[in-house]
Amino acid sequence: MSHISDWVFAQYQNTPTYLIVLEMIGVFFGFLSVLYSKRENILVFPTGIISTAIFVYILLVYELLGDMMINAYYFSMSIYGWYLWTRKVDASHFIPITKTTMTEKKWSLILFIGTIVFVCFVYVVFDKFDNWTAYVDTVTTAIFFVGMWLMAKKKIENWIYWIVGDIISVPLYLYKGLVFSALQYFIFTIIAILGYIVWKKNLGKSPQTLLK
């Protein structure tokens, strides 16, 4: 156990204390956000806003430009999702969980390809295609962009994108030395699988409350 703890702390040997504290706070609120999403709870959005705001700054410091843009995008999409989830289909019911339509699938593909093109452009402009992490970061950015958009629209398929993106992100963050973030994405994978199962049971049902 001591070898594991020594390795973990070694990753933060040259990291300023304030960045470590910020990462832990961001991870905490990130966990809350995913758990609330699994429960179809509206608190997914305010907790997500706090987490993403923190990680925009951290990822800028670590020069993970793609993931930085992901979190900036999450921030704005959380506001959009917060609005959509509070819309009602009648006097006492909110919008239900639904499957993506054919049109939404086409837009998902367009968003995926467009994100890859945009992130590649950013990396080229800033001359950051100097490591394998940049290429992986480009792909995960596109995956998470689509996943967040579908989550904001309350589409069950959002969990599939989260699962794939989370699995890829674990080794990426370990390589970068962001151990707590890597652990976060590992647990996110498990929660995403459970989230898909729960949402599938509630598919098509209009909830009467958003605080569960």
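Start at the N-terminal end of helix α6. Asn131 caps that end. One of its side-chain oxygens sits 3.1 Å from the backbone nitrogen of Thr133. Keep in mind that this is a predicted model.

Now the helix itself. α6 covers residues 132–152. How much of α6 is covered? Most of it: 17 of the 21 residues are buried.

What follows α6? Lys154 does, and its phi is positive, near 60°. Lys154 is not a glycine. It is found in the loop between α6 and α7. Buried or exposed? Lys154 has a relative accessible area of 0%, so it is buried.

Relative accessibility is 2% for Glu40, under the 20% limit, so Glu40 counts as buried.

On to α2. The helix has 22 residues, which should span 32 Å at 1.5 Å a residue. Its end C-alpha atoms are 32 Å apart, so expectation and model agree. Which residues of α2 are buried? Among them are Leu19, Ile20, Glu23, Gly26 and Val27. Further along, Gly30, Ser33, Val34, Tyr36 and Ser37 are buried as well. A reminder on helix geometry: with 3.6 residues a turn, residues three or four places apart point the same way. What covers the buried residues of α2? The cover includes α3, α6, α7 and α8.

Take α8 from that list. Two packed helices are described by the angle between their axes and the distance between the axes. For α2, residues 17–38, and α8, residues 179–201, the angle is about 5° and the axes are 9 Å apart. That angle is under 35 degrees, so α2 is roughly parallel to α8.

Who meets whom? From α2, the contact includes Glu23, Met24, Gly26, Val27, Gly30 and Phe31. Val34, Leu35, Ser37 and Lys38 of α2 also take part. On the α8 side, we have Val179, Phe180, Ser181, Gln184, Ile187 and Phe188, among others. Ile191, Leu194, Gly195, Val198 and Trp199 of α8 belong to the contact too. By type, the residues of this contact divide into 13 nonpolar, six polar and two charged.

Next, α3. Phe45 is in this helix. Its relative accessible area is 0%, so Phe45 is buried. What does Phe45 touch, leaving aside residues up to four places away in sequence? Ser78, Gly81, Trp82, Trp85 and Met151. Phe45 and Tyr83 are 38 residues apart along the chain, yet their C-alpha atoms are separated by 9.7 Å.

Ala53 is also in α3, which runs over residues 44–61. At 40% relative accessibility, Ala53 counts as partly exposed. Phe75 is 22 residues from Ala53 in sequence and 6.8 Å from it in space, C-alpha to C-alpha.

Last, α7, residues 158–176, where Val164 has its place. Val164 has a relative accessible area of 40%, so it is partly exposed. From Val164 to Phe144 is 20 residues in sequence and 9.1 Å in space, C-alpha to C-alpha.

Terms used:
Residues are numbered from 1 along each chain as its sequence is written. This is a predicted model: local features need pLDDT of at least 70, side-chain atom pairs count only at pLDDT 80 or more; totals for chains, interfaces and linings use all residues. Side-chain values use heavy atoms; hydrogens and water are left out. Helices (H or I, at least four residues) and strands (E, at least two) are DSSP runs, numbered from the N terminus. The expected span of a helix is 1.5 Å times one less than its number of residues. Buried means under 20% relative accessible area, exposed over 50%, partly exposed in between (1.4 Å probe, protein chains only). A polar contact is a pair of N or O atoms within 3.5 Å; within protein, one must be able to donate a hydrogen and the other to accept it, and residues adjacent in sequence count only if both atoms are side-chain atoms. Axes are lines fitted to C-alpha atoms, for helices over the stretch in contact, and angles run from 0 to 180 degrees between N-to-C directions. Angles under 35 degrees count as roughly parallel, over 145 as roughly antiparallel, 65 to 115 as roughly perpendicular and the rest as oblique. Contact means heavy atoms within 4.5 Å. Ala, Val, Leu, Ile, Met, Phe, Trp, Tyr, Cys and Pro count as nonpolar, Asp, Glu, Lys and Arg as charged, and the others, Gly among them, as polar.
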